[in-house]
Amino acid sequence: MTTTGALGPAHRADTLATLRATTPEHSLDLLVVGGGVVGAGTALDAATRGLSTALVEATDFAWGTSSRSSKLVHGGLRYLEMLDFPLVHEALRERGRLVEDIAPHLVRPVPFLYPLAKPWERPYVGAGVALYDGMAAGRTGHLPVHKHLGRAAVSRLAPGLKPEAYIGAIRYYDAQVDDARLVIELVRTAAVHGAHCASRLEVTAFLGSEAGGIIGAEVLDRETGERIEVHARRVINATGVWTGSIPLRHPDGREEPVVRGMPRVTAAKGIHLVVPRDRFTSTSGLILRTEKSVLFVIPWDRHWIIGTTDTPWREKVDQPAATSEDIDYVLERANAVLSEPLDRSDVVGVFAGLRPLVTPAGEDEPLGDTAAAAGTAKVSREHVVATPLPGLTVVTGGKLTTYRTMAADAVDAAIGAAGAQDTGPLTGQDVTGSGEGVPASCTADLPLLGAQGWTPTWNRRLLLAVDSGLPAGIIESLLHRYGSGAPEVIGLAAGTPELTEDLPGLPGHLAAEAVHAVTHEGARSVQDVLARRIRAVFEADDAGAAAAGTVAHLMAPLLGWDAERASAEAERYRQWTLAQRATQEAGTDGEAHALLVEAARGSVRDMARGGLPEAVSSTYGRETA
């Protein structure tokens, strides 16, 4: 267990040792599968209730949907039009908690303009936004209430809008977040509270018992090829669009998919464009109504993020990609209101993610006696928690903003359902020594690492600059990325001139951040650093390719790479960025998918030539593409 939340190589080794040591008689209380925001939140929820917990992720923490979202923490203004008031209320409550208590260093208020094109829109939209603010009352954090604006005010706030595109606007506030960094902080905080967390550990099968339930999972270490049978009294599957992909392995070795009682998930693709901030002049973001949904123009430091789309994805879920048609759609909708139209040359970055769309088990098929006896499912408009087999709980659907309630619901379901290894629910287990069962969730007001002591650390920013010799602007950027953990990064740089330098092509990002990503944040590849710890993949013109060699050089001694391996890792990242860019000219999802598959095959060949055994290098295909 780590008390600092450092997810470096030592923590991964300790986690592997813990997993190897489990037996049917000495099992974990809970194994969480999936290191996205929901899985990370679930591990934190379970660990803070006193349950022995492990979190395993097949690639990198936040590798999938949780690093490719709209970066918004919001109530979902459009859901009011659908009359889904409970959903909006829940999301606004969680927004307030994130802004105020849980992650104020990462979740910050951001203003949006809702342009009004017709006179009738002002009372209609105004009533909706007033209700939105009213439902957030008491948990608004630092978010101001909405305000009606006339043409003159809009032209001052957003001179980049076409004058003919509006007769006025309503300004309201939501919040934004660096989604991948939120996940990293969740995992680190879970580790502080005793959770064993590791990436590159892929669950290849759920382990079934003679009684018909789940007693754990087989885990493949994708770095060494080792297979470990991990025994756990409960398993929570939080794998998003991969829900349903892990088979059940019976004691006799037979494998079959888990179907009955399993929520059925389909993938919907959303893409986002990143353009320089100076291409559109405004002090506020935008929310634009389209014929299909809404389009956001979101301020992001020196850039704007514009999206999203919502289209079916029928290819393998490991390789979502934007196509030429996707990009044209977003540009066309944005240009409808911009005085200076954007074109392809303005697009710095593009990213695509898959949202899990859920049909709850039981809506059109029977759950069966086994699932019914185990407690069946808990369903809400946005997320589903189901128990398809004794000992197995599945949580899926939902949205980033409500990850914490999803996690609490999943743990509640798991500890309250009869499992395969015991005669009763985990609520009967005295894990605290108090004579009581498992406590209720306590994460509602629990600050994450980086949020603890955030305000006094921010107030010391000028002193930190003087003491470290780093520019005040760099210190402020570090504080916004790491919160009160920024001194960890500053400390790594102290006395090592190489680490105080900017990474090539990434002004404002210190070399020390690459080291910190490995020693404290569990990074295991160049892509982990540049795509998720540092968001170069969509912020830099070259997606961070110029920094790949330097990052690999810094990572090498920490992960035991020789010079040949470091060179191969840097080249693997460069090839991945080229493949991602190539998809932007693809005409269909199938063509884009094929480009990424070929890039993955090339990566396997290159890594094998770089010295990795083929069985191990082949596991890189999934994350390369």
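I began with C197, which is buried at a relative accessible area of 3%, where buried stands for under 20% relative accessible area, exposed for over 50% and partly exposed for the range in between, with a 1.4 Å probe and protein chains only. I then looked up C442, which at 39% relative accessibility counts as partly exposed.

I noted that this is a predicted model, in which local features need pLDDT of at least 70 and side-chain atom pairs count only at pLDDT 80 or more, while totals for chains, interfaces and linings use all residues. Residues are numbered from 1 along each chain as its sequence is written, and side-chain values use heavy atoms, with hydrogens and water left out.

I searched the whole structure for disulfides and found 0, taking a disulfide as a pair of cysteine sulfur atoms within 2.5 Å.

Next I turned to the backbone, bearing in mind that most residues other than glycine have a negative phi and most peptide bonds are trans. I found a cis peptide bond between G307 and T308, with omega about 20°, and I placed T308 in the loop between β16 (303-307) and β17 (311-312); strands here are DSSP runs of E with at least two residues, helices are runs of H or I with at least four, and both are numbered from the N terminus.

I recorded a positive phi of about 70° for A62, which is not a glycine; A62 sits in the loop between β2 (53-56) and β3 (72-73) and is buried at 1% relative accessibility.

I also recorded R200, another residue other than glycine, with a positive phi near 60°; R200 belongs to the loop between β7 (196-198) and β8 (201-208), and its relative accessible area of 2% makes R200 buried.
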